[in-house]
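This briefing covers helix packing and ligand contacts. Please look at the sequence and the structure before reading on.

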Amino acid sequence: MNIVRRGLMLVLSSPSGAGKTTIAKSLLKQDKNLKNSVSVTTRSKRYSEAHGKDYFFKDIEEFIRMRDNEELLENAHVFGNYYGTPKEFVFEQLEKGFDVIFDIDWQGTQQIAHLARNDLVTIFILPPTLQTLYERLESRGEDNVETINKRMQDASAEISHWPEYDYVIVNENFEKSLEKITAILEAERSKRTRQIGLAEFVNQLRQCSVQTSE
Ligand code: 5GP
């Protein structure tokens with residue numbers, strides 16, 4: 001049975017190193033109805049990242065051109081670099097009935113909320129301690145000490161935005177966090193207002209005759 005549903009936009013935000021990228025990757029692996037919004041950024045590529053998969057890496061001129069040409073759904077300046085969400089991909093996926101997941105910061109979340117609050121589900125991921133955050137950033141081995149220290153300094157400001165989110169998860173245990181987010185996604189998909197094909201389904205249901213044993 002396929003009841004037509006409005007696609008939703010699922011935002012994961014957190015300070016760097018709280019584990020949201022790992023959670024997002026696992027969600028995408030286990031859920032074929034979920035599509036990843038690949039952002040554009042002016043940040044340099046980390047060695048483990050691939051252009052077009054983790055980000056579209058652009059120079060500042062190209063980023064500004066995209067922004068001024070209204071090709072971005074939202075954009076922000078984070079840790080000295082520009083980040084933004086290509087609009088066309090998101091709208092195409094939602095139109096096809098897919099849900100879209102975003103790994104973006106609080107500034108981008110606020111901008112999308114302004115445009116489409118009813119289609120948005122927001123989750124903030126907190127680390128259990130600041131020490132864990134530091135250790136995760138360090139063990140990733142992809143940022144230099146200066147960058148890590150900068151990200152630790154910015155973590156507190158990022159964390160202060162937790163009250164703006166629909167759900168907050170303390171990522172103490174990866175499996176449990178993934179389970180909770182999977183449950184949130186399923187509940188949000190089941191919301192009456194998102195199941196736009198429900199009226200038709202219920203009408204058909206009520207018209208069906210029932211064969212009784214008598
Ligand atoms: P990173 O450089 O570690 O990949 O990301 C740094 C921060 O930028 C993270 O908090 C991430 O969520 C945020 N970010 C990544 N892409 C976007 C985007 O397209 N828009 C906004 N607003 N933030 C983004």
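Helix α5 (residues 130-140) and helix α6 (residues 145-159) pack at an angle of about 140°, with axes 11 Å apart, and are therefore oblique to each other. The model is predicted: local features need pLDDT of at least 70, side-chain atom pairs count only at pLDDT 80 or more, and totals for chains, interfaces and linings use all residues. Residues are numbered from 1 along each chain as its sequence is written, and side-chain values use heavy atoms, with hydrogens and water left out.

**Helices α5 and α6**
- The crossing of α5 past α6 is right-handed (the near helix is turned clockwise from the far one by less than a right angle).
- On the α5 side, the contact (heavy atoms within 4.5 Å) involves L130, L133, Y134, L137, E138 and R140.
- On the α6 side are I148, N149, R151, M152, A155 and I159.
- By class, these residues are 8 nonpolar, 1 polar and 3 charged.

**Helices α1 and α7**
- Helix α1 (residues 20-30) packs on helix α7 (residues 174-189) at about 55°, with axes 10 Å apart.
- T22, I23, S26, L27 and Q30 of α1 meet F174, S177, L178, I181 and T182 of α7.
- That contact has 5 nonpolar, 5 polar and no charged residues.

**Ligand**
- There are 19 residues around the ligand (a heavy atom within 4 Å), and S39, R43, Y55, Y83 and R151 come nearest.
- The side chain of R43 has an N or O atom 2.6 Å from a ligand oxygen atom.
- For R151, a polar side-chain atom lies 2.6 Å from an oxygen atom of the ligand; R151 is also in the contact of α5 with α6.
- G84 places a backbone N or O atom 3.2 Å from a ligand oxygen atom.

Note on methods
Axes are lines fitted to C-alpha atoms, for helices over the stretch in contact, and angles run from 0 to 180 degrees between N-to-C directions. Helices (H or I, at least four residues) and strands (E, at least two) are DSSP runs, numbered from the N terminus. Angles under 35 degrees count as roughly parallel, over 145 as roughly antiparallel, 65 to 115 as roughly perpendicular and the rest as oblique. Ala, Val, Leu, Ile, Met, Phe, Trp, Tyr, Cys and Pro count as nonpolar, Asp, Glu, Lys and Arg as charged, and the others, Gly among them, as polar. A polar contact is a pair of N or O atoms within 3.5 Å; within protein, one must be able to donate a hydrogen and the other to accept it, and residues adjacent in sequence count only if both atoms are side-chain atoms.
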